[in-house]
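Hello,

Here is the structure I promised to pass on to you. My notes on it follow below, so please read them with the model open beside you.

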Amino acid sequence: MTPEAQVETLPLLRPPGGSGPRSRRVFLAAFAAALGPLSFGFALGYSSPAIPSLRRAAPPAPQLDDEDASWFGAIVTLGAAAGGVLGGWLVDRAGRKLSLLFCTAPFVVGFAVITAAQDVWMLLGGRLLTGLACGIASLVAPVYISEIAYPEVRGLLGSCVQLMVVTGILLAYLAGWVLDWRWLAVLGCVPPSFMLLLMCCMPETPRFLLTQHQRQEAVAAAQFLWSSEQDWEEPPVGAEHQQGFRLAQLRRPGVYKPFVIGVSLMAFQQLSGINAVMFYAKTIFEEAKLRDSSLASVVVGVIQVLFTAMAAIIMDRAGRRLLLALSGFAVGWGPIPWLLMSEIFPLHVKGVATGVCVLTNWLMAFLVTKEFSSLMEVLRPYGAFWLASAFCILSVLFTLSCVPETKGKSLEQITAHFEGR
């Protein structure tokens, strides 16, 4: 054991002979945390129906020109980049649960500002706040879920993060079919409010509680999540506790290897161009002269939900590497980078490392969504999509050469793999 490490044991509270008793509360807690990704999916999808609605709106509603519309779609990613940095700091200091509770405030306030908007600046301010919440939720929810899930279902539950994101996007598309931009913003306040109520009843993750030397609370949280009976087995789980992140730790393979993998996966996810399509789906279909652009956007959302749900079902059977190498976006590159981000980092660097990953993801998302239209003009549409295809090919090569398989392994076993143990 290294001088800076202390190992503490935690009874996993595994009920002998199956996982039935522990599954119910784990799934409930995962659902509560996944309402954060549902909220940020709604925030991402909001711009697609809202931009055409704002352009049709008469004064005194804010009026959007093309430049305003591009900022309205893209500024949420800048807020999310800042939220990733803030979330990385919060998740190690306030904890996973309190960080999720905290992100409900900018969600609700941001949508409230949009609802009351009288000019473009209020619209952009509201989008920036919802983006901040998106960044926090996109970091903390996968971490919370990965730390409460046992290995047999961690892929399933981790994939539900992306499933809730695309469900939120679809909800925004469906609601935008019948609601104008103001009432759509009012609807956006509902999922985070529900998450606030439900998360108040859920425990902190046992692993985080151990790092705070709260062993009794960790055992109680584990008992709540994994068993409702008293006749359990108690195999020990090592929980490494170190005094925060230091740059010198980047020399350790257990830190720099997952760090490179996590950042690269987030960059490749956005370089596929998916967010440009999702942010401006309705506008793209309108310019393509489709008769019903709203219906076309809903169809895209439904396809995303169906294939992401399929990914959740097969994730713990097919594995992460195979799906990254063979699938399309909703099955592989949508859910898996977020899942791997929550799995591969040691506990003592998780806040900083996941913060950098989320920052990378949202900064790349900003560049892609903000410059998408300019890229289409310079390279022509076919050139822009060929460029995205080239990045997809590079992402597959990177997966096959660098990304390990994590299915069926505990978080401690994954850390040991990177450290060569």
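Which helices do the buried residues of helix 18 pack against? They pack against helix 4, helix 5 (151-178), helix 8 (206-211), helix 10 (253-271), helix 16 (336-344) and helix 17 (350-402). Helix 18 itself covers residues 411-418, and its buried residues are L411, I414, T415, A416 and F418. Here buried means under 20% relative accessible area, exposed means over 50%, and partly exposed is in between (1.4 Å probe, protein chains only). After helix 18 comes G420, with a positive phi near 80°.

A word on the ground rules. This is a predicted model, in which local features need pLDDT of at least 70 and side-chain atom pairs count only at pLDDT 80 or more, while totals for chains, interfaces and linings use all residues. Residues are numbered from 1 along each chain as its sequence is written, and side-chain values use heavy atoms, with hydrogens and water left out.

The overall picture

The chain has 18 helices and two strands. Both are DSSP runs numbered from the N terminus: helices are H or I with at least four residues, strands are E with at least two. Of the 421 residues in the chain, 57% are buried. Among contacts with a separation of 6 or more, 82% are between residues 24 or more positions apart.

How the helices pack

Two packed helices are described by the angle between their axes and the distance between the axes. The axes are lines fitted to C-alpha atoms, for helices over the stretch in contact, and the angles run from 0 to 180 degrees between N-to-C directions. Angles under 35 degrees count as roughly parallel, over 145 as roughly antiparallel, 65 to 115 as roughly perpendicular, and the rest as oblique.

Take helix 2 (residues 66-93) and helix 4 (residues 120-148): their axes come within 6 Å and cross at roughly 40°. The two are therefore oblique to each other. Helix 2 passes helix 4 in a right-handed crossing; a crossing is right-handed if the near helix is turned clockwise from the far one by less than a right angle, and left-handed if anticlockwise. The contact of helix 2 with helix 4 has 19 nonpolar, nine polar and two charged residues. In this count Ala, Val, Leu, Ile, Met, Phe, Trp, Tyr, Cys and Pro are nonpolar, Asp, Glu, Lys and Arg are charged, and the others, Gly among them, are polar.

Helix 2 also packs with helix 17, at about 175° and with the axes 7 Å apart. That makes helix 2 roughly antiparallel to helix 17. The residues of this contact divide into 14 nonpolar, seven polar and four charged.

Helix 4 and helix 5 pack at about 165°, with their axes 9 Å apart, and are therefore roughly antiparallel to each other. Helix 4 passes helix 5 in a right-handed crossing. Helix 4 brings P142, I145 and S146 to the contact, and helix 5 brings R154, L157, G158 and V161. By class, those are four nonpolar, two polar and one charged residues.

The touching partners below leave out residues up to four places away in sequence.

- S39 is in helix 1 (residues 20-56). S39 has a relative accessible area of 1%, so it is buried, and it touches F107, P191 and P192.
- F27 also lies in helix 1, but is partly exposed at 34%. F27 touches L156 and L157.
- V113 lies in helix 3 (residues 96-115) and is partly exposed at 24%. V113 touches M122 and G126.
- H213 sits in the loop between helix 8 and helix 9 (215-226). H213 has a positive phi of about 60° although it is not a glycine. Most residues other than glycine have a negative phi.

And the cysteines?

A disulfide is a covalent bond between the sulfur atoms of two cysteines. With the cut-off for a pair of cysteine sulfur atoms set at within 2.5 Å, the count comes to zero disulfides. C160 is partly exposed, at 22% relative accessibility, and C402 is partly exposed as well, at 38%.

Best wishes

Notes:
Contact means heavy atoms within 4.5 Å.
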